[in-house]
Structure formats: C-alpha cells, structure tokens
Amino acid sequence: MNNYFSIQDIDSLPDWVDEAIKIKKDPLSGKNLGRDKTIGLLFFNPSLRTRLSTQKAALNLGMNVIVMNFTGEGWSLEYGDGIVMNQGNSEHIKEAAQVVSQYCDVLGIRAFAKLENREDDYNEKVLKSFIKHSTIPVINMESATGHPLQALTDAITITENQKNKKPKVVLSWAPHPKALPQAVANSFVEMMQHMDANFVITHPVGFELASHITKQVPIDYNQKNALKDADFVYIKNWSSYQDYGKTLDNDLSWKMTQEKMELTNEAKFMHCLPVRRNVVVDDAVIDSKNSLVIEQANNRTYAAQLVLTKILEKS
Ligand code: CP
C-alpha cells in the first residue's frame with residue numbers, strides 16, 4: 001500500500017481487522033520493522049487521539065517521530081498552479097512536500113474541511129496536493145471529507161464487541177453548538193457498507209450526507225424508530241451537506257439519552273471523541289457500562305499501527 005487516503009485502500013476488511021486484533025495482543029511484535037525510519041505528522045488542526053495514538057503506533061514499530069503543528073508554526077502554503085505569490089502565502093506545496101519527503105519516510109496529514117466551499121473541500125486540495133508532490137507514502141489523519149483511521153478503529157471495535165453475526169448498527173446525528181465537517185460520518189458510512197451489518201442512518205431532514213457516500217444505505221428520519229433493536233449506536237454531529245457547512249436548526253431533541261438507549265437491544269454506545277457532554281449525549285449514556293468510547297480511543301493505536309505496518313512492509 002502506497003498511501004492510506006480512504007477506506008478504499010483496504011483490500012480485505014476482515015483480514016485487516018483480524019491483523020489489527022493480533023497487533024493489539026502483541027503490540028511490540030513488529031518493533032524492528034520501522035527501525036531507522038521516520039514518520040512526520042503535520043497538523044493543520046487540533047488533535048488529541050490521532051496525534052498520540054499515531055505516535056504510539058510508530059514508536060511500537062521502532063520508528064522515529066517528528067510532529068509539527070503547521071497552522072501558526074509552518075509557512076502558509078500556496079496550492080495553486082502558476083500563481084504569482086505576491087499575497088499572503090509564503091511557500092508553495094511543491095517545495096514543502098518535497099522538502100518534508102527528504103526528512104521522513106512516511107507522512108501523516110490532518111487537514112479538516114473549511115466548510116466554506118463544498119467543491120473545494122470535496123476535492124481534498126490539501127491532502128491530494130501532499131500526495132501528488134510528496135515522494136513518500138501519505139496517511140490521512142482526517143481530511144476534509146474522510147477519517148479512515150477512525151473508521152478502521154470503529155470496524156475493529158464493533159468486531160470485538162458484536163454478539164451476533166449481523167448486528168444492527170445505527171448512525172445517529174446529534175446536535176452541536178459548532179458546525180462540524182462530515183468526515184467522520186462519511187468514513188463510518190463507507191466502512192459499514194463493507195461490514196456484515198444491518199446499517200441505518202438517522203438524522204433530521206436537511207442533514208443528508210452526500211449520496212455518492214450513502215448510496216443505498218437506508219435513512220430513517222424518525223430517530224426513535226431507527227434505534228429500535230440496535231446493537232450499536234454511533235452518535236455524531238455533522239453540518240449540512242446540501243446547505244453546505246450550515247447547522248440549520250440544530251434540534252436539541254436529537255441528543256442521545258438513556259431513555260432512547262432503552263429502545264435498543266442493550267446497544268453499545270460509540271463516539272469518536274471529543275464529545276460535548278449533555279449536548280451530544282447525556283452523562284448517563286457515555287458513563288454507562290455500554291459505552292465503548294474509551295475502548296475506541298485505545299483501538300486508534302492498533303488501527304494506525306496496522307496501516308503503518310502495511311506501508312513499511314511494502315517499502
Ligand atoms: N477522534 C479523533 O480523531 O480525535 P482527535 O481529533 O482528538 O484526534
């Protein structure tokens with residue numbers, strides 16, 4: 001595997017999940033694979049889990065790690081071809097990507113959606129430009145439209161916790177005070193289409209995700225109906241795709257409560273974190289024995305370690 005850009009880079013999901021669970025049982029089994037190799041992690045946005053779990057994964061493989069908070073510390077980058085650079089941007093992606101490629105063997109990039117222009121975000125300008133101009137493999141650490149490391153983590157976590165062969169999994173929109181990208185939801189939806197699950201999305205009218213992502217996945221606008229008999233409930237806010245980047249009415253009645261969880265088949269509660277308590281989900285749900293959020297965060301290390309293992313084995 002050259003790059004981990006999206007979940008389409010996973011050739012066999014069951015095999016990948018099995019391999020990640022094996023890594024989790026013996027995280028230092030590949031401790032020499034990355035010896036004398038360096039990973040560079042460039043962050044254009046904040047992070048707790050992605051930053052630390054990817055570092056931990058690299059360290060487990062014996063790699064050196066360089067981390068840079070690009071926004072505020074790096075030169076502001078220009079991405080356009082043939083641009084006269086007499087405005088605010090100081091360095092072109094062509095030089096920046098090639099220079100970083102000389103210092104590192106693998107590169108991770110986090111660059112969220114700006115939520116100003118849908119076409120720009122869905123063209124993945126930042127990540128695709130790094131992939132185009134770098135000479136080393138690039139890992140998506142959450143881009144404008146996808147978070148494939150999180151989705152792989154979620155597949156691992158569901159597999160570890162499922163009690164029946166074909167669980168019912170519900171992705172439920174949640175209210176949030178800020179407009180958030182669709183990246184986590186997009187990758188989760190794509191991932192669930194590769195899993196043997198009865199998968200349903202529920203959200204208020206106006207929060208439909210891109211149809212090229214949801215494809216044939218059923219959408220139920222009645223949250224309580226969708227939650228019936230669910231085995232896993234994944235809560236996530238996202239802003240409108242149609243009315244791009246808007247939060248619309250931000251209906252607080254979509255918060256996940258214990259009363260709603262009682263409609264389910266004692267469902268496990270999932271969220272990628274960070275989460276706004278008592279806005280997105282009540283304390284009673286996230287603190288319950290059925291909450292998987294801490295386990296999900298733990299599995300971020302093994303998802304990242306698997307992706308790095310595949311890249312290092314190929315190189
Ligand atoms: N879930 C996730 O990506 O967390 P961070 O934003 O803290 O990295």
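**A parallel sheet and its surroundings in a predicted model**

Valine 170 stands opposite valine 233 in β10, where two strands are said to pair if DSSP finds at least two bridges between them. The structure is a predicted model, in which local features need pLDDT of at least 70 and side-chain atom pairs count only at pLDDT 80 or more, whereas totals for chains, interfaces and linings use all residues. Residues are numbered from 1 along each chain as its sequence is written, and side-chain values use heavy atoms, with hydrogens and water left out.

Valine 170 also stands opposite valine 200 in β8. Strand β7, which covers residues 168–173, pairs with β10 in the parallel sense over five bridges, and five bridges likewise join β7 to the parallel strand β8, residues 198–202. Strands here are DSSP runs of E with at least two residues, and helices are runs of H or I with at least four, both numbered from the N terminus. On its side, β10 is joined by three bridges to strand β11 (residues 268–270), and these two strands run parallel; in β11, lysine 268 is the bridge partner of phenylalanine 232. The five strands form an open sheet with parallel pairing in the order β9-β8-β7-β10-β11. The edge strands of this sheet are β9 (219–220) and β11, each of which pairs on one side only.

Strand β10 (residues 232–236) is largely enclosed by the rest of the structure, because five of its five residues are buried, a term that denotes under 20% relative accessible area, with exposed meaning over 50% and partly exposed lying in between (1.4 Å probe, protein chains only). Both faces of β10 are covered, with Phe232, Tyr234 and Lys236 buried on one side and Val233 and Ile235 buried on the other. Helix α8 (residues 183–192) is also mostly covered, as ten of its ten residues are buried, including Phe188, Glu190 and Met191.

The peptide bond from leucine 273 to proline 274 is cis, with omega near 0 degrees, and proline 274 is found in the loop between β11 and α12 (283–286). Glutamate 124 has a phi near 55 degrees, a positive value in a residue other than glycine; glutamate 124 lies in the loop between α5 (118–122) and α6 (125–133) and is buried, with a relative accessible area of 4%. Lysine 215, which is not a glycine either, has a positive phi of about 45 degrees. Lysine 215 lies in the loop between α9 (211–214) and β9 and is exposed, with a relative accessible area of 56%.

For the chain as a whole, 13 helices and eleven strands are found. The radius of gyration of the protein chain is 20 Å, close to the 20 Å that the globule rule gives for 315 residues, so the chain is as compact as a globular protein of that length; the radius is taken over C-alpha atoms, and the rule is 2.2 Å times the number of residues to the power 0.38. Along its principal axes the C-alpha trace spans about 55 × 50 × 35 Å, and of the 315 residues 56% count as buried. Among contacts (heavy atoms within 4.5 Å) between residues at least 6 apart in sequence, 78% join residues at least 24 apart.
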